[in-house]
Structures are given as C-alpha cells and as structure tokens.
Amino acid sequence: MSTRSDLDRSITEWLVSELPDRAPERLLEASRAAIRTTPQRRAWWPAGRVPNMNSNIVRIAAAVAAVAVAGFIGIQLLGAPDPGDQPVPPPSVSPSAEPSAKIVLPTGLQVAGTGWDATAGGLNGRDGSRYDFACPNEPWPPSYSWQPAWWPVWGTDVYTTYSSVCWAAAHGGYIAEGSGAIVTIELRPGLATYESSFRNGVASHSTDNSLRSFVVVSAIALGQD
Amino acid sequence: LVANSELVRQARDGDRDAYDVLITELVDRLYRISRLILRDFDSSEDAVQEALVRCWRDLPRLRDPDRFDAWLNRILLNAITDEARRRRRFGASLTVLRMEPAQVDGVGALADRDELERVFGRLSIEHRTVVVLHFYLGMTADEAATTIGIPVGTAKSRLHYATEALRAALEAEARRASAGGATA
C-alpha cells in the first residue's frame, strides 16, 4: 500500500516526465498575428458585471462611446488612410444581435475547426495533409468595404496558416456572402512572400516568411437549421 | 516564473512590444499546463493562443500588475475549458498523447505510467485541472480554488476524487504485478 507522500510524488513525477520542453514556434507566430488585429478593451469597462445604468460612470462611458462613434464615422466619410500594418479594431464577425446559425454537419464528418475565426495554425499534419473546416452562414461585417486592414487573411491563393480559413475561402471565391460551407484545405510549406489582393469582396494582406501555408481545395454547401 | 511587473504595466498601457516580450517568456509555461490538462497537441495550442489574445484584450482591466500571473492562469484555464467544450461540441477527435518512458525517474514501471495515463485521461477537464494545479504547480486546494474561481470545498472534493482514482490505478497495477510475479 503506497503512502500519501509516495502517491503525491509519483503523480508529480509522472506529470513532469511527459512535459514538452518548449511551445512550438508556430504557436507564438499565430498568437502574434491574432494580437496584431486585436484591440485592447478600455479599462473602465466593467468586467463581468451588469452596470448600474444610472451611475455617472455609465453616463461618462456612453458619452465617450458616442464621441468615438462620431469620430469613426467622420473618418470614414473623409476617407481613411491606407492602414498598412496598423492594427484596426476588428468588428465582430458574428454580430451579437444576430443569433448564430446552428450548424448541421454531415454525419460522421469531423472538422479541424469551426467558425470564421478558426485558423490552420494548430494543425500538425505534414505538407499535403487535408483538413475540413466548418464555416457557418453568418452575416459579414457591414463595414468590410471600408476597412481593408480588418480582414484576417494573408496571401493570395496560398495563405499563411494564421489566416482565417473561412475568410481565405471567401477570398478565393469558394464561399459567397450569406453562405456557409465545409471548406477543405491542404497544408503547404511556408513561402518567403505572400501577395495581397482584393477578390470577391475580401481583402488580403501581404506578408513574408511564414513557417507554413495552406491552399483551399474545395468547399461544399453547409446545411443550416 | 514571475512576469516582470514593469513589462506588464507597459503592456497594459498598450505597448505591443512589451507584451511580445512578456508572452515570449511565458508561452512555454502556458503550453505545458495546457498540454497536461488537454492531452492534445492542437487543442493545447489553440487554448494558449486564445488565452494570449484574451489577456492582451483585457489587460487594461488588470489593476494590480503584481497579480498578473494569477490573472493569466485564470484566463488560461478558462480558455482550456472553452476549448475542451468546443471540441466536444463539434465532435473533433482528440489525439490522446502517449507518454514516453523516462530514462530515470521514480514513477516506476511502464505499466504504472500507462495506468496513470489511462485513468487521468478518463477524468473530466475540471478534475484534471485541479490535479495539474496541485501536483505540477504546487498549489494548495485553497489556491487552486481561487485560481479557478470555484468554492474551496469543490476544489478539495475534485482533488480528493482525482487523487483517489490515480491511487486506485497505481495500486491495481501493483496487485497485477504482484500476482504476475507470484505465478511466474
């Protein structure tokens, strides 16, 4: 019969024995890419609580928000400069006012990712491996034509693995606005350069030296409830 | 590993370079925790990436930079739980990792390790989380409860259940080995 301390030591040693040494480099790469397009929330936003709508903080917050919205609209009307590499706050891909469509996957189909924010960054397959992603039918952001820097897509025809698979498929013409699909991609080696382009209502960015890439192979229409 | 408070302050104020230095230092630790709990390559990477993005997004809400590590741990655990639920919901298969036998350690026979792996893999994500916080990060049940955001009694209950399951696995394997030795 093992003692408590023997057991504790055995469990700890077992856990430690199978630890990986380091996180994969692609994890940092994909995280940096996602962070580049993620704005920080303001500190005065209440965390996890419903604010008292009569408080001064809420009134001030509403006033600041109104000024921000007015400024945003003004910039759009006056013509925004080319954002280049400057991060632009991404609008929500799935506006909260719209209920998410329930996805109906074909029986037996297992997908590597679901949703318009899913990327191929976590895939460990060899070059040439194919994976399916589910892209539900969701409304596109209304401001897409105003903010080319928003699109989470890098490359043309061949995309970096930190690109959104669904938006890459839309960029390639595999998914039209207002449609959903099961998208099949194939992993490819990384490229030295990735070209930007504007296709099918979607803008992609240029970049260089990604570790891995993917191409969109096919897409089939997705059933919705 | 304790995050540099000055770097946290700079990142909290919107300095992306400071945040990049922070996450470069922290990503290995986060990945190890994620791997231990989720037992899957893809899920572990997705959970850590999600945690790093959420951390950057919500960093201005962190009042005390000295609390950064505990705060980030909680974000990571939430991301791990979300990732596990997401994988279950969409039926993606998890590739359960096989342990490699260590060269020299105190765990003992390979059969023991297989038995631990088998039982640990059957525990829920919630139970595995408490086990990893306690046995890998060295937290007490109280500290684990605070980190996860659950009552202390719940953390103690989960830890007790999981530990007993692992103890039973080791003892069952010991009995099998003993019986095998006796009949040989």
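Biologist: In chain B, what share of the contacts between residues at least 6 apart in sequence join residues at least 24 apart?
Modeller: That share is 66% of those contacts in chain B, and please keep in mind throughout that this is a predicted model.

Biologist: And how many helices and strands are there in chain B?
Modeller: Chain B has eight helices and zero strands, so that, read from the N terminus on, its elements run α-α-α-α-α-α-α-α.

Biologist: How much of chain B is buried?
Modeller: Of the 184 residues in chain B, 51% are buried.

Biologist: Can we look at one of them? Is Arg39(B) buried or exposed?
Modeller: Arg39(B) counts as buried, because its relative accessibility is 3%, and the cut-off for buried is under 20%. Arg39(B) sits in the loop between helix H2 (16-38) and helix H3 (41-58) of chain B, and its phi is near 65 degrees, which is a positive value in a residue other than glycine.

Biologist: Where in chain A is there another positive phi, say at Asp157(A)?
Modeller: Asp157(A) has a phi near 70 degrees, again positive in a residue other than glycine, and this residue lies in the loop between strand S4 (155-156) and S5 of chain A. Asp157(A) is partly exposed, with a relative accessible area of 44%.

Biologist: Which residue is 58 residues from Asp157(A) in sequence but 6.2 Å from it in space?
Modeller: That is Val215(A), and the distance of 6.2 Å runs from C-alpha to C-alpha. Val215(A) is in strand S11 of chain A and is buried, with a relative accessible area of 10%.

Biologist: What else does Val215(A) touch, leaving aside its neighbours within four places in sequence?
Modeller: Besides Asp157(A), Val215(A) is in contact with Val158(A), Thr184(A), Ile185(A), Glu186(A) and Arg188(A).

Biologist: Let me pick Thr184(A) from those; where is it?
Modeller: Thr184(A) is in strand S6 (residues 181-189) of chain A, and it counts as buried at 15% relative accessibility. Its side chain makes a polar contact with the side chain of Asp132(A), at 2.6 Å. Setting aside neighbours within four places in sequence, the residues in contact with Thr184(A) include Arg130(A), Tyr131(A) and Val216(A).

Biologist: Changing topic, how many aromatic pairs are there over all chains?
Modeller: The count comes to six aromatic pairs over all chains. In one of them, the rings of Trp154(A) and Tyr162(A) have their centres 5.2 Å apart and their planes at 65 degrees, so the pair is edge-to-face. Trp154(A) is buried at 8% relative accessibility, and Tyr162(A) is buried too, with a relative accessible area of 9%.

Biologist: Now the interface: how many residues of each chain are in contact?
Modeller: There are 50 residues of chain A in contact with 54 residues of chain B. The area buried between the two chains is about 4600 Å², with carbon and sulfur atoms giving 58% of it. Trp14(A), Gln40(A) and Arg41(A) supply 17% of the area that chain A buries against chain B, more than any other three residues.

Biologist: How many salt bridges does the rule find across it?
Modeller: The rule finds three salt bridges across the interface of chain A and chain B. One of them joins Asp20(B) to Arg32(A), with the closest N and O atoms 2.5 Å apart. The rule also finds twelve residue pairs in polar contact across this interface, both residues being at pLDDT 80 or more.

Biologist: Which element gives the largest share of the side of chain A that touches chain B?
Modeller: The largest share, eleven residues, comes from H1(A). By class, that side of chain A has 26 nonpolar, 13 polar and eleven charged residues.

Methods:
Residues numbered from 1 in each chain as written. Chains lettered and ligands numbered in written order. Heavy atoms only, no water. Contact = heavy atoms within 4.5 Å. Buried area = accessible area lost by both parts, 1.4 Å probe. Salt bridge = Lys/Arg side-chain N within 4 Å of Asp/Glu carboxyl O. Polar contact = N/O pair within 3.5 Å; in protein donor to acceptor, adjacent residues only side chain to side chain. Helix = DSSP H or I, 4+ residues; strand = E, 2+ residues; numbered from the N terminus. Nonpolar A, V, L, I, M, F, W, Y, C, P; charged D, E, K, R; others polar. Phe/Tyr/Trp six-rings, centres within 6.5 Å; stacked < 30°, edge-to-face > 60°. Buried < 20%, exposed > 50% of the residue type's maximum accessible area, 1.4 Å probe, protein only.
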